[in-house]
Amino acid sequence: MTMVRVSTTRTKGPAKHDCGCGCGGTGGSCCDLECLVRPNFYCGQLLTDADLSAVVQWTRDRLALSRFRDGWGVVCGLEVTCSEPEGACGCGCGSPKGCTVWIGKGYAVDCCGNDLVVCEPIPVDLGSVCRPNDDPCADPCWPPITKDPQQVGRAGQPRDIVLGDLQIKGEDQLIVDLYLTYAEQPAAGQRPLFRGSCADVDACEPSRLLERPAPKLVVRALASPYEEVDASEDEITRLTKGYTDLTKRLDTLFENANLRTLTRRLSAWRLHSICLVMDYVRTLHDLDSDIIARIRSWLQLDWLMHEGLCECRPCRTDDGVRLARLWLWRKDGRFECCRPLEIFSIPPFRRMLQRDCQPIGASKVDLRKWLGAPAGDDVVDKMKRQGIQVQGIVDHMEHRLQQPLFTVPASDPLHVYTVEDPFGTRRIFGFDTANA
């Protein structure tokens with residue numbers, strides 16, 4: 001596997017936050033939404049390398065915005081095989097020991113909007129993951145073995161395989177995910193004609209940068225190669241936990257509260273859409289259970305509408321695009337080597353081009369976009385036309401919704417829960433299965 005320097009021109013240094021994925025402080029940098037700065041030229045201007053680089057930077061930043069509009073992932077090609085694909089080099093690049101897999105020609109877009117173009121097949125050397133972790137004779141120049149920090153501690157290993165006389169122990173099996181990451185290689189070196197005082201230059205500076213994607217192998221500590229966490233379920237779990245936390249915060253907000261304490265506590269509450277809550281509380285002369293229930297429902301509705309929006313989420317610049325999962329057999333011998341047992345190069349083990357803001361599972365209907373919508377007959381009709389079976393309309397103030405649904409199988413009938421907002425409009429508050 002060719003080791004190249006992974007870089008991106010859209011980042012300014014190591015991340016000081018976790019990119020929203022719990023990976024802060026582990027190196028790498030975050031690719032976030034940034035404002036566009038377009039260079040401007042005028043008659044008589046002295047152009048420098050910084051001005052020309054600014055044109056390239058603005059073009060790349062603008063093109064990279066397509067990841068929020070069209071998504072990111074594999075667009076076409078990039079098949080992962082254990083045999084040399086057509087067009088691969090014929091000079092012994094493929095290892096007869098089975099220590100190499102191949103990435104075919106293709107095109108992908110990573111989560112930072114970088115174009116990953118593979119114009120000729122790439123051999124991926126499995127030696128970095130096949131060698132023992134404690135091998136004293138291992139080449140120190142080998143790239144380090146990348147492990148999934150969230151799964152390394154998981155117990156269990158693949159089961160033993162017995163196929164006639166062929167026996168493969170579970171401890172000899174490896175589960176590895178193959179990613180394709182953005183990388184640059186300097187090329188076409190030239191000697192600068194003169195040295196300016198604005199920056200140091202070397203004796204030979206590259207005049208071209210080859211954008212050649214690089215493979216990355218990540219070892220997974222899984223008991224089966226078929227295990228996979230559904231990204232849509234992760235998102236729903238996050239929303240469900242967020243709603244549970246909101247319920248606890250609301251319990252604390254109204255605990256032993258009178259008008260003075262409630263006003264003080266609400267002054268630190270972050271509102272998103274229903275901004276009239278504070279003004280309403282200041283006009284009250286007393287608190288009772290009905291008023292508290294009304295305010296509580298408004299705050300819940302405000303949170304639900306905010307969480308239903310599509311966010312421009314950052315990601316790590318070295319995340320790459322997952323192409324396949326490799327199920328490997330580490331064979332003993334003089335040289336450690338892995339032979340692929342099977343290559344899973346289909347979803348969910350392959351990231352296809354898709355947007356992230358609406359991650360729903362197959363055969364499921366996304367309910368989040370309806371949260372906060374007016375609960376009129378026209379809206380209900382639109383929901384039914386999109387495959388949502390509305391069984392009935394329920395007033396949340398009369399029959400409390402304990403835990404809202406965010407996605408549901410298309411065949412499940414639903415009850416639509418509504419509340420009246422501060423302006424007298426009945427809005428969709430949440431959903432629950434009709435047989436709950």
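**Entry 1. Terms and model**

I take a salt bridge to be a side-chain nitrogen of Lys or Arg within 4 Å of a carboxyl oxygen of Asp or Glu. The model is predicted, and local features need pLDDT of at least 70, side-chain atom pairs count only at pLDDT 80 or more, while totals for chains, interfaces and linings use all residues. I number residues from 1 along each chain as its sequence is written, and I use heavy atoms for side-chain values, with hydrogens and water left out.

**Entry 2. Salt bridges**

I looked up the salt bridges and found that the structure holds 13. I began with Glu-307 and Arg-238, whose side chains meet in a salt bridge at 3.4 Å, N to O. This pair links distant parts of the chain, with Glu-307 in helix H7 and Arg-238 in helix H4, 69 residues apart. Helices here are DSSP runs of H or I with at least four residues, strands are runs of E with at least two, and both are numbered from the N terminus.

I then checked the cover of the two partners. I call a residue buried under 20% relative accessible area, exposed over 50% and partly exposed in between (1.4 Å probe, protein chains only). Glu-307 is buried, at 14%, whereas Arg-238 is partly exposed, at 37%.

Next I examined Asp-245, which forms a salt bridge with Lys-241, the closest N and O atoms being 3.0 Å apart. The two residues are four apart in helix H4, so about one helical turn separates them. Asp-245 is partly exposed, with a relative accessible area of 31%, and Lys-241 counts as exposed at 53%.

I also recorded the salt bridge of Arg-427 with Asp-421, where the closest N and O atoms are 2.8 Å apart. Both Arg-427 and Asp-421 are buried. A network of salt bridges links Asp-177, Arg-220, Arg-322 and Arg-325.

**Entry 3. Disulfides and other cysteines**

I searched for disulfides, that is, pairs of cysteine sulfur atoms within 2.5 Å. The structure holds two.

One joins Cys-111 and Cys-315, with the sulfur atoms 2.2 Å apart. The link is right-handed, with 95° about the S-S bond. Cys-111 lies in the loop between strand E5 (106-109) and strand E6 (115-118), and Cys-315 lies in strand E15 (residues 315-316), so the pair ties together parts 204 residues apart in sequence. Both of these cysteines are buried.

The other joins Cys-130 and Cys-338, with the sulfur atoms 2.1 Å apart. Cys-130 is in helix H3 (residues 127-130) and Cys-338 in strand E17 (residues 337-344), so this link ties together parts 208 residues apart in sequence. Cys-130 is buried at 0% relative accessibility, and Cys-338 is buried with a relative accessible area of 0%.

I checked two further cysteines. Cys-35 is exposed, at 71%, and Cys-82 counts as exposed at 52%.

**Entry 4. Nonpolar cores**

I define a nonpolar core as a set of buried Ala, Val, Leu, Ile, Met, Phe, Trp, Tyr and Cys residues joined through side-chain atoms within 4.5 Å. In the largest core, of 45 residues, Leu-266, Ile-295, Leu-299, Met-383 and Phe-431 touch the most other members. The elements that each supply at least two residues of this core include helix H4 (231-254), helix H7 (289-307), helix H8 (377-385) and strand E22 (426-433). H7 gives the most, with eight residues.

I listed the contacts of Leu-299, contact meaning heavy atoms within 4.5 Å. Leaving aside neighbours within four places in sequence, Leu-299 is in contact with Leu-250, Leu-253, Phe-254, Leu-266, Trp-269, Leu-271 and Val-277. Apart from this core lies another, of 33 residues, among them Ile-122, Val-219, Leu-323 and Ala-324.

I looked for nonpolar patches, built from residues with over 30% relative accessible area and no salt bridge, with nonpolar side chains (Val, Leu, Ile, Met, Phe, Trp, Tyr) joined within 5 Å. Areas come from the Shrake-Rupley method with a 1.4 Å probe; for residues, only the protein chains shown count as cover. Phe-41, Leu-47 and Leu-52 make a nonpolar surface patch of about 300 Å². Phe-41 sits in the loop between strand E1 (30-31) and helix H1 (49-64) and counts as partly exposed at 42% relative accessibility.

Last, I looked up Ser-53, which lies in helix H1. Ser-53 counts as partly exposed at 45% relative accessibility. The C-alpha atoms of Ser-53 and Pro-39, 14 residues apart along the chain, are separated by 9.6 Å.

Notes. Patch = residues over 30% accessible without salt bridge, like charges linked within 9 Å, V, L, I, M, F, W, Y side chains within 5 Å.
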